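Please consult the sequence and model shown here.

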Amino acid sequence: MEIRKYGDPVLREKARAVAEVTDEVRELIKDMAGTMYENKGIGLAAPQVGVKSRVIVVDGGQGLLALINPEILSSPEAGEELAEEGCLSLPEITVEVKRARKIRVKGLSEKGKNIETEAEGLLARAIQHEVDHLNGILMIDRISYARRQLLRSQLKKLEKAHA
Ligand code: NI
């Protein structure tokens with residue numbers, strides 16, 4: 001699947017909840033996972049391939065996790081952590097983002113079953129990053145204005161490439 005890059009308006013839209021986990025959704029997950037691995041990403045959200053549905057795939061090194069209608073139940077007691085992130089929709093850009101170190105997340109599996117699981121470290125970070133995508137939020141929205149200014153020319157270039 002083609003990865004939508006910064007400048008594509010689909011990345012700024014709020015994705016819709018999946019009403020029913022159908023074969024079409026399973027097919028989407030399969031294609032998204034393939035696209036994620038092919039591009040050596042650790043996560044991908046449906047809007048990044050132009051689909052406005054609340055579906056994410058992540059793999060923080062422990063295998064593929066696909067979540068439909070994911071919802072983060074925060075665990076603020078575990079604190080936050082600052083670490084570098086990249087995004088397949090923002091090629092060649094890395095930024096330091098503060099995220100919850102540990103989260104609980106619930107959603108539906110590709111079989112339509114309820115999942116609730118705990119994640120920490122890289123996996124927790126990837127899930128938070130991908131859920132942001134479902135709400136039209138990009139990692140560059142989570143850094144300071146001053147830091148974003150430093151990326152201005154790179155962002156402009158991406159916007160131009162899209163136009
Ligand atoms: Ni991303």
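The account begins with the basis of the values and then turns to the sheet.

The model is predicted, so local features need pLDDT of at least 70 and side-chain atom pairs pLDDT 80 or more, whereas totals for chains, interfaces and linings use all residues. Residues are numbered from 1 along each chain as its sequence is written, and side-chain values use heavy atoms, with hydrogens and water left out.

Five strands form an open sheet in the order 1-2-3-6-7, with antiparallel pairing. Strands are DSSP runs of E with at least two residues, and helices are runs of H or I with at least four, numbered from the N terminus; two strands pair if DSSP finds at least two bridges between them. Strand 1 (43–45) and strand 7 (114–120) each have a single partner strand, so one side of each lacks a neighbour in the sheet. The twist averages 40° from one strand to the next.

Two helices contact the sheet (heavy atoms within 4.5 Å). Angles run from 0 to 180 degrees between N-to-C directions, with axes fitted to C-alpha atoms, for helices over the stretch in contact.

Asp-59 lies in the loop between strand 2 (55–58) and strand 3 (65–74). Not counting residues up to four places away in sequence, Asp-59 touches Met-36, Tyr-37, Ile-42 and Leu-64.
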